[in-house]
Amino acid sequence: MEYLYSIRLCHPDTPAVGEEREGKDQDFQDPRVPEAQKTSSIPATCVAPGLPAAHVSLADRLLAKMRDRLQYVACFFAFFSAGFLVVATWTDCWMVNADDSLEVSTKCRGLWWECVTNAFDGIRTCDEYDSIYAEHSLKLVVTRALMITADILAGFGFITLLLGLDCVKFLPAEPYIKARMCFVAGTTLLTAGAPGIIGSVWYAVDVYVERSSLIFHNIFLGIQYKFGWSCWLGMAGSLGCFVAGAVLTCCLYLLKDIGPERNYPYSMRKAYSTTAISMAKSYAAPRTQTARMYAVDTRV
Amino acid sequence: MANSGLQLLGYFLALGGWVGIIASTALPQWKQSSYAGDAIITAVGLYEGLWMSCASQSTGQVQCKLYDSLLALEGHIQSARALMVVAVLLGFVGMVLSVVGMKCTRVGDSNPITKGRIAIAGGALFLLAGLCTLTAVSWYATLVTQEFFNPSTPVNARFEFGPALFVGWAAAGLAMLGGSFLCCTCPEPERSNSSPQPYRPGPSAAAREPVVKLSASTKGPLGV
């Protein structure tokens with residue numbers, strides 16, 4: 001495959017990284033034939049693609065491989081952070097009683113119910129909060145809303161990412177759809193991270209402020225709360241969403257022009273529609289060693 | 001591609017079944033206290049599951065307690081536990097295998113026969129998981145029924161089927177249906193043997209691109 005890379009390196013209509021995005025509309029209109037004629041004006045730097053070309057192709061391949069790996073890393077992060085967010089929303093330890101309170105049991109308060117686990121006999125008593133129309137603190141209602149929003153967005157982002165993975169065949173006839181779906185998934189995950197982190201940090205800060213104001217005024221109610229593991233899970237899930245979204249949007253965006261697959265997404269579409277496809281078919285067959293050499297030699 | 005659609009349908013059915021199996025394993029309502037007979041209005045409803053027993057007060061509080069001793073438990077609860085855990089594990093392995101084996105993924109694309117066999121293995125694991133769940137749930141239900149109709153059981157201490165049993169039945173049905181869908185997408189050996197280019201990944205844009213590029217660059221200098 002290396003000869004392909006070196007040829008592509010010298011091809012005059014190989015778009016640069018920035019050029020391709022700006023010039024894609026022109027690419028659509030350009031017919032194929034003049035492009036082939038343009039090859040007579042080969043740039044001087046490309047006359048001898050010797051060692052540097054080989055080096056670049058190696059780096060190219062490494063980067064392309066890295067980009068494929070990055071997708072799976074992002075998928076991993078997205079799976080676990082979506083899971084963390086859902087678990088954080090539906091578990092009950094957003095607030096847990098601090099060690100300095102006079103209790104023999106663990107008391108956890110969540111977004112939906114509070115539970116007391118007796119330390120001695122292990123009996124766990126749960127009590128749901130009052131109906132949704134009853135008086136609730138603003139912190140509770142807003143955190144519920146934000147966490148549910150984050151859950152839905154993260155789940156949606158994860159499913160989009162699954163469909164956008166390279167190893168899943170989804171809409172195979174559509175070129176460039178994978179990169180777009182990854183980008184959409186990344187944006188959704190970034191958007192999901194925002195309400196998640198706002199909700200959990202707000203809850204944590206509120207619990208902390210409550211506690212420190214009680215201590216400051218020297219009031220001791222018998223039980224004091226600190227934030228528990230559900231709150232930590234919520235924060236971890238939102239940070240994971242941010243990481244996955246950043247990987248999907250920034251890293252894949254920076255690396256998207258590297259590698260054999262993504263260089264000609266728009267000219268490919270054109271090739272399907274015009275006669276270039278028959279040309280491609282007729283030239284696909286004689287890919288022997290001599291044809292390869294011929295292709296390289298006519299370049300130089 | 002109808003085959004591929006059937007596979008996907010089977011996979012999602014089996015996935016739903018697997019989630020249902022997990023839910024019914026974790027739920028504490030395998031049997032609940034019965035109000036049949038004298039219509040006794042009680043302030044406490046009792047539930048029993050595989051891992052804990054719960055009491056739900058009329059004030060809305062739920063008290064749960066994990067079973068204390070593993071060895072002192074009754075045999076049918078222990079075997080139901082074992083069967084359900086095995087079903088969850090089998091379902092997990094089946095999920096991974098059928099993702100690899102399904103036609104809509106690009107893993108191991110070069111060998112369609114092996115891929116089909118992997119998909120069938122995944123489906124068979126889902127079938128087994130469904131069978132395990134069905135056994136555990138039906139056995140438990142049989143025992144609950146026997147106890148209910150046993151004349152020596154006091155009327156106040158009668159139990160009947162809880163929601164977890166119905167969830168378990170539904171999950172077993174889904175897993176078995178999905179597993180059989182996955183299994184019945186057999187590969188056709190003759191066709192894949194006689195195909196001229198077994199290594200061609202198909203008419204995807206990504207696969208055809210280098211070929212087009214080569215032809216264009218060959219064509220360029222020749223045409224001039």
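A:Phe79 is partly exposed, with a relative accessible area of 46%; on this scale buried means under 20%, exposed over 50% and partly exposed in between, with a 1.4 Å probe and protein chains only. This residue is found in helix 5 of chain A, where helices (H or I, at least four residues) and strands (E, at least two) are DSSP runs numbered from the N terminus.

The model is predicted: local features need pLDDT of at least 70, side-chain atom pairs count only at pLDDT 80 or more, and totals for chains, interfaces and linings use all residues. Residues are numbered from 1 along each chain as its sequence is written, chains are lettered from A and ligands numbered from 1 in the order in which they are written, and side-chain values use heavy atoms, without hydrogens and water.

**Nonpolar patch**

A:Phe79 belongs to a nonpolar surface patch of about 600 Å², together with A:Val73, A:Phe76, A:Phe77, A:Phe80, A:Phe84 and A:Val243. Patches consist of residues with over 30% relative accessible area and no salt bridge; like charges are joined within 9 Å and nonpolar side chains (Val, Leu, Ile, Met, Phe, Trp, Tyr) within 5 Å. Accessible areas come from the Shrake-Rupley method with a 1.4 Å probe, and for residues only the protein chains shown count as cover. Helix 5 of chain A gives the most to the patch, with 6 residues.

**Salt bridges**

Over all chains, the structure holds 7 salt bridges, each a side-chain nitrogen of Lys or Arg within 4 Å of a carboxyl oxygen of Asp or Glu. Among them are the following.

| Pair | N to O distance |
|---|---|
| A:Asp92 and A:Arg124 | 2.8 Å |
| A:Lys139 and A:Glu210 | 3.8 Å |
| B:Lys31 and B:Glu48 | 3.9 Å |

A:Asp92 and A:Arg124 meet in a salt bridge. This pair links distant parts of the chain, 32 residues apart: A:Asp92 is in the loop between helix 5 (51–90) and strand 1 (95–97) of chain A, and A:Arg124 is in strand 4 (residues 123–128). A:Asp92 is buried at 7% relative accessibility, whereas A:Arg124 is partly exposed at 34%.

A:Lys139 and A:Glu210 also form a salt bridge. A:Lys139 lies in helix 6 (residues 138–164) and A:Glu210 in helix 7 (residues 177–216) of chain A, so the pair ties together parts 71 residues apart in sequence. A:Lys139 is buried at 9%, while A:Glu210 is partly exposed at 37%.

In chain B, B:Lys31 forms a salt bridge with B:Glu48. B:Lys31 lies in strand 1 (residues 31–33) and B:Glu48 in strand 2 (residues 44–48), so the pair ties together parts 17 residues apart in sequence. B:Lys31 is buried at 8%; B:Glu48 is partly exposed at 21%.
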